[in-house]
Amino acid sequence: MNILTICGSPRRGNSEAIADKLQELIQQKKSSNEIILLRKQNIGFCQGCVEYCNYKKVCRQDDDFKRMEKKIYKADGFVFICPNYFQMPPAIFKNFMDRCSIFYTRGDEIQFKKKKAAVICVGTDSVKRIQVCTDNVANLFCKTIGLQVIAAKSYRSNSELKGKYNDIFENDKNPTLLKDLRMIVDGLTG
Ligand SMILES: Cc1cc2nc3c(=O)[nH]c(=O)nc-3n(C[C@H](O)[C@H](O)[C@H](O)COP(=O)(O)O)c2cc1C
């Protein structure tokens, strides 16, 4: 299986730590996994020019998203990971979702139905509050473009990394994290 991870934190933090751990687990299953860090991509804001893309079935912007489109078509499954900002995804991830509307415009839901997706969000609030963001990405974004959502999970961080790369695997707020990640990998690669 060819799994594509899209990571939507503007920093190298907890979301990236989870992406890295998932990559290790996916590779153990002899599947491939590329991690795309949105913070390193040059992706223009969706200009909302539907009078162009609705008819031409292409986005008029020529940027890194265009390169990502090919990878999205080739992938068998996806992991979407981002922080929770005010129960919404950060701007770079929101923009990624907006740019993905081209798939909906093209009617790709039919071929995307075969592709599985796992959504993971991290934040400092309660799981219940973070889950609002997670569910929006899973139910409103993934399902609209036709993806089969196999997991929508939320985990708690301490926010300030204080020089560390992450705390999500070290704090005691996520007792099921590793077990959940293994289940997600089984679901995506099985
Ligand atoms: C602009 C901003 C808004 C945030 N709002 C929330 C929030 O409403 N709820 C929450 O749980 N965490 C909130 N956070 C905390 C982040 O979700 C938390 O630090 C998370 O670990 C960031 O993910 P990362 O480590 O992958 O960057 C906010 C952080 C920022 C920078």
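## Phe80 and the nonpolar core

Leaving aside residues up to four places away in sequence, Phe80 touches Ile6, Ala117, Val119 and Val137. These contacts, like everything else described here, come from a predicted model. Phe80 also belongs to the largest nonpolar core, a set of 43 residues in which Val79, Phe80 and Val119 touch the most other members. Two or more residues of this core come from each of strand 1 (2–7), helix 1, strand 3, helix 4 (91–99), strand 4, helix 7, strand 5 and helix 8 (177–189). In soluble globular proteins, nonpolar side chains tend to be buried together.

Strand 3, which covers residues 77–83, pairs with strand 4 in the parallel sense over seven bridges. Within this pairing, Gly77 has Lys116 of strand 4 as its bridge partner, while Val79 has Ala118 of strand 4. Strand 4 and strand 5 also run parallel and are joined by eight bridges, and here Val122 stands opposite Tyr155 in strand 5.

## Strand 4: buried or exposed?

Eight of the eight residues of strand 4 are buried, so this strand is largely enclosed by the rest of the structure. In a regular strand the side chains alternate between the two faces of the sheet. In strand 4, Lys116, Ala118, Ile120 and Val122 point one way, whereas Ala117, Val119, Cys121 and Gly123 point the other way, and all of them are buried.

## The ligand shell

Which residues are closest to the ligand? The ligand is surrounded by 17 residues, and the closest are Gly13, Ser15, Pro83, Gly123 and Asp125. By residue class, the shell around the ligand divides into five nonpolar, 10 polar and two charged residues. Helix 1 (14–28) and strand 4 (116–123) each contribute at least two residues to this shell.

## Two contrasting positions

Arg11 is found in the loop between strand 1 and helix 1. Arg11 and Cys121 are 110 residues apart in sequence, and their C-alpha atoms are 14 Å apart in space.

Asn33, by contrast, lies in strand 2 and counts as buried, with 23 C-beta neighbours inside 10 Å. Not counting residues up to four places away in sequence, Asn33 touches Ile3, Thr5, Gln23, Ile26 and Gln27. Asn33 and Gln148 are 115 residues apart along the chain, and their C-alpha atoms are separated by 18 Å.

Terms used
Residues numbered from 1 in each chain as written. Predicted model: local features only at pLDDT ≥ 70, side-chain atom pairs only at ≥ 80, totals over all residues. Near = placed C-beta within 6 Å. Helix = DSSP H or I, 4+ residues; strand = E, 2+ residues; numbered from the N terminus. Nonpolar A, V, L, I, M, F, W, Y, C, P; charged D, E, K, R; others polar. Pairing = 2+ DSSP bridges. Core = buried A, V, L, I, M, F, W, Y, C linked by C-beta atoms within 7 Å. Buried ≥ 20, exposed ≤ 12 C-beta atoms within 10 Å, placed from the backbone. Contact = placed C-beta atoms within 7 Å.
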